[in-house]
Amino acid sequence: MPPRPPRAVFKAFYRWTRDLHLYLGLFVSPFVLVYAVSAIQFNHTLMPWGGVSNAEVAREERVVRVVVSDSKNSLEIARQVRQQIDVRGEIGYVRRKAGSREVRFPIETPGHVTTVDVDLSAGTATIQQRSTGVWDGLTYLHKMPGPHNATVRGNWLVTRFWGWTADVAVYLILFLTASGVYLWTVLRADRRTGMAFLGAGLLSFVAIIVAIVA
């Protein structure tokens, strides 16, 4: 058998794992809160504290002149218009019928949606801006960048950055899960209680899966 590492190594590893579990857990907690609250928003249209999903708080409409190339790439047209009208946000999709000289797309940020209708023949863009509220903004963060419209997603730097931070949050949650199990196994006094709760959670999960699949 290979020699066991010195006891000091185990103590140092435990101490580092405990500290990382604590402080990284505090770091990721705001992201977990966003996903938790927005998941409730997804499940319930009317929030228990009075927020209503997709409620329009304010609306504004204006028409501006734009100069864009009549490109076959509708996303490129949307990018050019977004830059000229000076509206920040993620282009959600681009809608253009074959052969049409009209392009429609939304520019979205958490809690705000700007719908843009471009008339290439007239060189104008009709802009409708509306606020959808804080709770709708949380659901936007929950589902972005998301797998839908993959060819369009990530056209705004902030959206790409949020996607990166969402990935980091998931990796940290995986670390917290693994380190939590390790710390529990080290604390002998809590092994029996922890096993009971772990077993209860596992049985609950299996029961829910069986109920859904059956």
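This briefing goes through the surface patches, ring pairs, salt bridges and backbone features of one structure. The structure is a predicted model, in which local features need pLDDT of at least 70 and side-chain atom pairs count only at pLDDT 80 or more, while totals for chains, interfaces and linings use all residues. Residues are numbered from 1 along each chain as its sequence is written, and side-chain values use heavy atoms, with hydrogens and water left out. Helices (H or I, at least four residues) and strands (E, at least two) are DSSP runs, numbered from the N terminus. A residue is called buried under 20% relative accessible area, exposed over 50%, and partly exposed in between (1.4 Å probe, protein chains only).

**Surface patches**

- A patch is built from residues with over 30% relative accessible area and no salt bridge; like charges are joined within 9 Å, and nonpolar side chains (Val, Leu, Ile, Met, Phe, Trp, Tyr) within 5 Å.
- Accessible areas come from the Shrake-Rupley method with a 1.4 Å probe, and for residues only the protein chains shown count as cover.
- Lys11 sits in helix α1 and is partly exposed, because its relative accessibility is 48%.
- A nonpolar surface patch of about 800 Å² is made by Leu202, Phe205, Val206, Ile208, Ile209, Val210, Ile212 and Val213.
- Within that nonpolar patch, Phe205 belongs to helix α5 (residues 191-213).
- Phe205 has a relative accessible area of 53%, so it counts as exposed.

**Aromatic pairs**

- Rings of Phe, Tyr and Trp (its six-membered ring) pair if their centres lie within 6.5 Å; planes under 30 degrees apart count as stacked, over 60 as edge-to-face and the rest as tilted.
- Four aromatic pairs are found in the structure.
- One of them joins Phe13 and Tyr182 edge-to-face, at 5.2 Å centre to centre and with 75 degrees between the planes.
- This pair links distant parts of the chain, as Phe13 is in helix α1 and Tyr182 in helix α4 (residues 157-186), 169 residues apart.
- Phe13 is partly exposed, with a relative accessible area of 48%, and Tyr182 is partly exposed at 24% relative accessibility.
- Phe31 and Trp162 make a tilted pair, because their ring centres are 6.0 Å apart and their planes stand at 35 degrees.
- Phe31 lies in helix α1 and Trp162 in helix α4, so this pair ties together parts that are 131 residues apart in sequence.
- Trp162 counts as buried because its relative accessible area is 15%.
- Ring pairs also join Phe27, Phe31, Tyr35 and Trp162 into a cluster.

**Salt bridges**

- Side chains of opposite charge can pair when their charged atoms come close.
- A salt bridge here is a side-chain nitrogen of Lys or Arg within 4 Å of a carboxyl oxygen of Asp or Glu.
- Two salt bridges turn up in a search of the whole structure.
- In one of them, Asp19 is bridged to Arg18, with the closest N and O atoms 3.5 Å apart.
- Asp19 is partly exposed at a relative accessible area of 29%, and Arg18 is partly exposed at 37% relative accessibility.
- Asp117 forms a salt bridge with Arg104, where the closest N and O atoms are 2.7 Å apart.
- The bridge links distant parts of the chain, with Asp117 in strand β4 (residues 112-119) and Arg104 in strand β3 (residues 102-109), 13 residues apart.
- Asp117 is partly exposed at 24% relative accessibility, and Arg104 is partly exposed with a relative accessible area of 31%.

**Backbone features**

- Most residues other than glycine have a negative phi, and most peptide bonds are trans.
- The peptide bond from Met144 to Pro145 is cis, with omega near 0 degrees.
- Pro145 is placed in the loop between α3 (134-143) and α4.
- Asp86, a residue other than glycine, has a positive phi near 60 degrees.
- Asp86 is in the loop between α2 and β2 (90-91) and is exposed, with a relative accessible area of 67%.
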